[in-house]
Amino acid sequence: MALASGVRFAPRALLRPWALLRGTTLGRTEPAAGGGGDGARRFGSQRVLVEPDAASGVAVMKLRNPSNALSLELLTELVISLEKLENDKTFRGIILTSDCPRVFCAGLDLTEICGRNPAHCAEYWKAMQELWLRMYLSSLVLVAAINGACPAGGCIIALSCDCRVLADNPKYRIGLNETLLGIIAPFWLKDTYVNTIGHRASEQALQLGSLFPPAEALQVGLVDQVVPEDQVQSTALSEMARWLAVPDHARQLTKNMMRKATADRLLRQRDADTQNFVSFVCRDSIQKSLQAYLEKLRQRKG
Ligand SMILES: CCC/C=C/C(=O)SCCNC(=O)CCNC(=O)[C@H](O)C(C)(C)COP(=O)([O-])OP(=O)([O-])OC[C@H]1O[C@@H](n2cnc3c(N)ncnc32)[C@H](O)[C@@H]1OP(=O)([O-])[O-]
């Protein structure tokens, strides 16, 4: 972690996104809709579209997977896109949003942990840890423009940003509903929840698996702004401007000071956390409840 000099503190030695790259299509560049020079070139992959604006130093990163469920490929492509922007000194901030109607992110892709062998579940969980670490410790300003439902893993992504703007639609609920699926949020996610909304509110919300509608999410402090749906992007941009008005080095060191202990806890026990997760989700009883939950989701659709 090159803290003292470059103030880019993501633990690069531990994060090797390229090692996760498995048949992704990342790296294509194409001119943005309005044409333009290098600053207007967007890049992306099948599941993540990045629209960089070099003039403002802000890139909009759009998730575009079905329901934006966090498949292994989506996790990998997100980490790679993030690294690309982190390494490009032109950029100071990212607005993360969804290109998928009504859903910001459906959380873990349950098909990655249901009916899979332990080795696959371990690979998947490491990728999830990796994305959280990279986002949580990013030296860039991350603003989540939450334009759809945001349960569980979706909430993890949003919580790892610096600021959250949620569209005012009662269907767009946000929270950690793991217990309702019979699974348990890992300690690092619990810590992030506590850091955001406090201990008592987390204790209650985690046990009950609460998904908060916008007004309640704002009241509990899970999001920073709730605005009409058509103002999510513009509000996210205004928030970004507010954060970028602060000198980078001071903001980055302060962010690190606030977040390092939480991230270090996971860094110290990544392997144990992976083993816990794998042995838990591979239990017969958990597999059965995940299977039943997936079935319910599929039937609900019909
Ligand atoms: C322990 C670690 C901490 C984290 C835990 C988690 O994140 S646990 C995760 C906790 N997450 C949740 O509890 C969220 C569960 N999902 C939902 O509540 C809703 O899908 C929605 C509100 C996100 C979107 O509603 P909508 O009416 O717009 O969409 P729709 O409902 O019609 O679904 C469309 C398609 O997507 C499929 N699919 C959806 N989610 C997942 C998934 N996570 N995975 C896989 N697939 C998923 C769904 O089966 C269907 O597939 P089909 O039939 O086309 O092959």
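Buried here means under 20% relative accessible area, exposed means over 50%, and partly exposed is anything in between (1.4 Å probe, protein chains only). The views below come from a predicted model, where local features need pLDDT of at least 70, side-chain atom pairs count only at pLDDT 80 or more, and totals for chains, interfaces and linings use all residues. Numbering starts from 1 along each chain as its sequence is written, and side-chain values use heavy atoms, with hydrogens and water left out.

**View 1. Strand β5, covered on both faces.** β5 spans residues 93-98, and six of its six residues are buried. Gly93, Ile95 and Thr97 sit on one side, with Ile94, Leu96 and Ser98 on the other. Helices (H or I, at least four residues) and strands (E, at least two) are DSSP runs, numbered from the N terminus.

**View 2. The parallel partners of β5.** Strands count as paired if DSSP finds at least two bridges between them. Strand β4 (residues 58-63) pairs with β5 in the parallel sense over six bridges, and Leu63 stands opposite Ser98. With strand β6 (residues 141-146), β5 again pairs in the parallel sense, over four bridges; here Leu96 has Ala144 as its bridge partner. On the way from β5 to β6 the chain passes through α3, a right-handed β-α-β crossover. β4, helix α2 (residues 72-87) and β5 make a right-handed β-α-β unit as well. Right-handed means that, with the strands pointing away from the viewer, the path from the first strand over the helix to the second runs clockwise.

**View 3. The β2–β3 hairpin.** Strands β2 (residues 41-44) and β3 (residues 48-53) run antiparallel and are joined by two bridges. Three residues lie between them. Look for Phe43, whose bridge partner in β3 is Val50.

**View 4. Ile174 in the largest nonpolar core.** A nonpolar core is a set of buried Ala, Val, Leu, Ile, Met, Phe, Trp, Tyr and Cys residues joined through side-chain atoms within 4.5 Å. The largest one has 88 residues, and Ile174 and Tyr193 have the most contacts inside it. Helix α3 (residues 118-136) brings the largest share, 11 residues. Leaving aside residues up to four places away in sequence, Ile174 touches a list that includes Ile146, Cys150, Leu166, Phe212 and Val223, contact being heavy atoms within 4.5 Å.

**View 5. The largest pocket.** It holds about 1600 Å³ of space. Its lining counts 47 residues, and the closest to the centre are Ala106, Pro151, Tyr293, Leu297 and Arg300. Helix α11 (284-301) is among the elements that each supply at least two lining residues, and α11 gives the most, with seven. For the method-minded: on a 1 Å grid over the protein atoms alone, a pocket is an open set of points where a 1.4 Å probe fits, with protein on both sides within 12 Å along at least five of seven lines, and lining residues have an atom within 4 Å of a point. Points are joined across faces, edges and corners, and the volume is the space filled by probe spheres set on them.

View 6. Most residues other than glycine have a negative phi. Asn68 counts as buried because its relative accessibility is 0%, whereas Arg102 is exposed at 58%.
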